[in-house]
Amino acid sequence: MNNVDQKEVKINRREIRKRSMMQESLERLVRNKTAMAGFAVIVTVAILSALAGVICPEGYDAQDVTKAFIRPGKEYILGTDNLGRSMLARVLYGGRISLTIGIISTSISAALGIILGSLAGYYGNKVDNIIMRTLDVFHAIPNTLLAIAISSAMGGGIVNAMIAVGISGVPNFAKVVRAPILAVKESEFVEAARSIDATNARIIFRHILPNVLSPIIITITGQLAGSILAASSLSFLGLGVQPPMPEWGSLIANARQYIRDYSYLVSIPGLAIAAVVLSMNLFGDGLRDALDPKLKN
Amino acid sequence: MELQKEQVLEKTDEALLSVKNLTTYYITREIGTCKAVNDVSFEIKSGETLGLVGETGAGKTTIAYSILRLLQMPPAKIISGEIMWNGEDLLKMSAAKMRKIRGHEISMVFQDPMTALNPIDPVGDQIAEVIYLHKKVSRAEAKKLAAEMLEVVGIPKERFYEYPHQFSGGMKQRVVIAIALACNPKLLIADEPTTALDVTIQAQVLELMNDLKRKNGTSVLLITHDLGIIAEMCERVAVIYAGQIVELGTALDIFDNTAHPYTIGLFESLPSVASGRRLIPIPGMMPDPSNLPEGCKFAERCRYATDECRKQEIELVEVTPGHYCRCIHSRCKEG
Amino acid sequence: MLRYTLRRLLLMIPVLIGVTFLIFLLQSFTPGDPASLVLGNDAEEEEKYEWREKYDLNDPLIVQYVKYMSRVVRGDFGVSYRTNKNVTLTILERWPTTFLVAVLSVSISVFLGMMLGIIAALNRNNWVDSFARFLGMLGVSMPNFWFALLLIMTFALKLKILPVSGFYGPEYWILPTASLGILGAAGLLRITRSSVLDCINADYVRTARSKGQKEGKIVMHHILRNALIPIVTSIGGYIAAALGGTIIMEQIFAISGLGKLMITAINTRDYPLLRGSVLLIATTTSVINLIVDLIYAQIDPRVKAAFKNSIKVRRLSEKAASASES
């Protein structure tokens, strides 16, 4: 006899929970230990830098030549530099600068890059051609050189450094945004949406944005890491932050002359840069794995 | 089950391939233990075509890969079983010996022709590769034989040096078939060979396979979810559900004297012009292989299920001669 | 293929014109008067004006640009403001050093990075893989100038087996190229590993195995040849990055190359020298990218077919480039 009507058809044991893509990605990310470690380091550095005023109330330029060149130890955790300034203070305040430069330059790159990439992708043909050719020009010049050229053309200094690094990051965002937009534009479901008279805005939000969001997020983390490195290079060459502001790159530049006898002055700021950039890269990798596990190797 | 099988063996020829109690799991950190194949046993005799029918995820492909040991060993793990070939257990064979068998005595046609071929090698060379591996010929001779093989599957030999991307899906599959049959294997494992192809091309490829099978007396393990193909090509059929064989018998047994409720469900979910009845889909979904229920794995979806079904593991039982069913309420007519 | 190559060479011209235009654009932003820098701040206004007149610096930017470009097409890149020497000669004098440092660094990166990447991929769930991945991560996170200083600290100062700076013989080449080379290897390690892993799991590898092919042959013929494709596409980018890095290395190791010349030119507002140098670098980068694309077409027959048809060429190489970056 047919028992189907009498018994309840039990749905499969596996819970079919309704989760949004973002929620799933977030869960995957949190499970990734190395990514979370990276995140923890970044947050720690950010907090410590923010609290620099509390931890080192004397500021980053408190000179005392009698206390110069003290190696890291009990009295000064990270030692002192040639002018007796506490390295801990210099590094912590420097953290503020590096993180700020990273965030602002990345924002500039993202804003300009996303706009250009979207225009290129959405309008295609002539607009696309012009924009891509312009980006080609930037592509023909090595990033470092471009940043150096722009920054020194504008006279150096922290603001110009941010602009220079920001501009050199634009092609990355533009390319990353353009590709999915082009793909979606030529795909069938946009045609389908249009056929039911959806407006352009609706198409953009419902269909294009979700595909573009993941690559943008991933590029942002990558760009943050890259801009901190680029900014430190500029400062090292004397083109970025001006002394006495303690950007980590310029700390290394200053310490170069004392490298023979006081190598800790070179190692410490470099370790700071490496630690922050490494953490950002670890977090960024974890983010990429979480957002698109199919790519996971 | 073992006892009855042995009795059957005495009556007929020695089996060419004998799979005994094969159990294969996939073990990963994220999902746990996925019990893909659970205690599967079957035989294929010389010249015979055995069909392996089941839904996606039932374990058919895993069985095929286990035979040729093509599984990715983490995360896959062959927990237990024997696969007897020519008196030896394939699962215990050395890697070197296994390589001699692959492509030569047992070969495989894969499901997705689009990705089965190396994109940067000319198709002719890919066929020549398997010939050169197993036959004692020069490279030039191997290429000649490969070109002949191309003609056999209906591709002009002038296209020897073309690359896979220059061929359509159906033609790529022909190349895959050419590779599989180039060394005249005794057993061909065909894993859903036509699933990825258009219906018209499907017919061509199946005809090709039938032809070659007949000419060379090749045994075939045909994996598919399409009952129509089974009817066309197979002498015997095994129905797989949740990693177990739930019904095993001749094509006639399966089609005309269906025993297992799942098999009945499969037939009922096919549209039928003749009977004019509506489609009756099988309610529910196949159980999660990482979380299999106790007792009969099909009980949840079965209209004949009783409490007894869920209590203990159901064994495979001979219901009519040569026809086995894993169900205590089997629906076939007694033989 | 020839048509494709010619087409690419022609396309390079607008890009290079764009580069020169960019430099002129930057010039307009630049504070600082070259005349003052050359003649001294206290020189007479008239003198400065006349000096500027000599170099067209009193004209509006567009006019300057047109005049410059018309000379460039005749092969005249002007003379340095500071030294009055011919720009072409000065640059070509310094160029080989810089180019060689960049090429050597990339060679080290490719050799080391690919080797470690392949080892990492073949040892997937091993400590070897984890260690290699960690090194890869570390390498791309370190500033190159800091790494160079670390190497100096270790090898030149503590162990005293290599010179600190200067460029007078073969041993002077080791630290600069090693610094860039090792860090570059880290990036290539990651790309190689990812690419090889993609190929290891590919269906056609399973097909090869089902033929009974030996593991060694599978790795060499099937996996690595396919894995090479995205790696080759990224090497072009690495050379560009290496040229940038060399500029910094020249500062640290006091190497008299084009990089050092450029930095000086930037600081002294020596525009002709700057324009010439940047143009040379941009041209080199573009030519190298073209060569890389041609090699890439040789390896991947799908690309070769597309290039021959010259359709959607840009899309393909971009797709490959973005695939290799991820």
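Leaving aside neighbours within four places in sequence, Val205(C) is in contact with Cys199(C), Ile200(C), Ile218(C), His222(C) and Ile223(C); two residues are in contact if their C-beta atoms, placed from the backbone, lie within 7 Å. Before we go on, please keep in mind that this is a predicted model, in which local features need pLDDT of at least 70 and side-chain atom pairs count only at pLDDT 80 or more, while totals for chains, interfaces and linings use all residues. Residues are numbered from 1 along each chain as its sequence is written, and chains are lettered from A and ligands numbered from 1 in the order in which they are written.

Let us stay with Val205(C) for a moment. This valine is found in helix H9 (residues 203–210) of chain C; helices (H or I, at least four residues) and strands (E, at least two) are DSSP runs, numbered from the N terminus. The cut-offs, with C-beta atoms placed from the backbone, are 20 or more other C-beta atoms within 10 Å of a residue's own for buried, 12 or fewer for exposed, and anything in between for partly exposed. Between Val205(C) and Gly166(C) there are 50 Å in space, C-alpha to C-alpha, at a separation of 39 residues in sequence.

Now step back to the whole of chain C. Its secondary structure comes to 14 helices and 0 strands. The C-alpha trace of chain C spans about 85 × 60 × 30 Å along its principal axes. Of the 326 residues of chain C, 42% count as buried. Among its contacts between residues at least 6 apart in sequence, 72% join residues at least 24 apart.

Where does chain C meet chain A? In this model, 39 residues of chain C are in contact with 40 residues of chain A. On the chain C side, the elements that give two or more residues are helix H1 (2–29), helix H6 (127–141), helix H7 (144–158), helix H8 (171–200), helix H10 (215–253) and helix H12 (271–299). H10(C) provides the largest share of that side, 8 residues. By class, the side of chain C that touches chain A has 28 nonpolar, 11 polar and no charged residues. Here Ala, Val, Leu, Ile, Met, Phe, Trp, Tyr, Cys and Pro count as nonpolar, Asp, Glu, Lys and Arg as charged, and the others, Gly among them, as polar.

In chain A itself, have a look at Gly73(A), which sits in the loop between helix H3 (52–55) and helix H4 (87–123) of chain A. Because it has 9 C-beta neighbours inside 10 Å, Gly73(A) counts as exposed. Gly73(A) and Gly124(A) are 51 residues apart in sequence and 61 Å apart in space, C-alpha to C-alpha.

Chain B has both kinds of element, with 12 helices and 12 strands. Its radius of gyration is 21 Å, close to the 20 Å that the globule rule gives for 335 residues, so chain B is as compact as a globular protein of that length. The radius is taken over C-alpha atoms, and the rule is 2.2 Å times the number of residues to the power 0.38. Along its principal axes, the C-alpha trace of chain B spans about 65 × 50 × 50 Å, and 47% of the 335 residues of chain B count as buried.

In chain B, 8 strands form an open sheet with mixed pairing, in the order E6-E7-E8-E3-E9-E10-E12-E11; two strands pair if DSSP finds at least two bridges between them. Strand E6 (106–109) and strand E11 (317–320) of chain B stand at the edges with a single partner strand each, so one side of each is left without a neighbour in the sheet. From one strand to the next, the twist averages 25°. Helix H2 (residues 60–68) of chain B packs on this sheet, touching strand E3 (49–53), E6, strand E7 (187–191), strand E8 (219–224) and E9 of chain B, and its direction makes about 145° with that of E7(B). For such angles, axes are lines fitted to C-alpha atoms, for helices over the stretch in contact, and the values run from 0 to 180 degrees between N-to-C directions.

Elsewhere in chain B, strand E1 (residues 15–28) and strand E2 (residues 32–45) run antiparallel and are joined by 10 bridges. E1(B) and E2(B) form a hairpin with 3 residues between them, and Tyr25(B) stands opposite Lys35(B) in E2(B).
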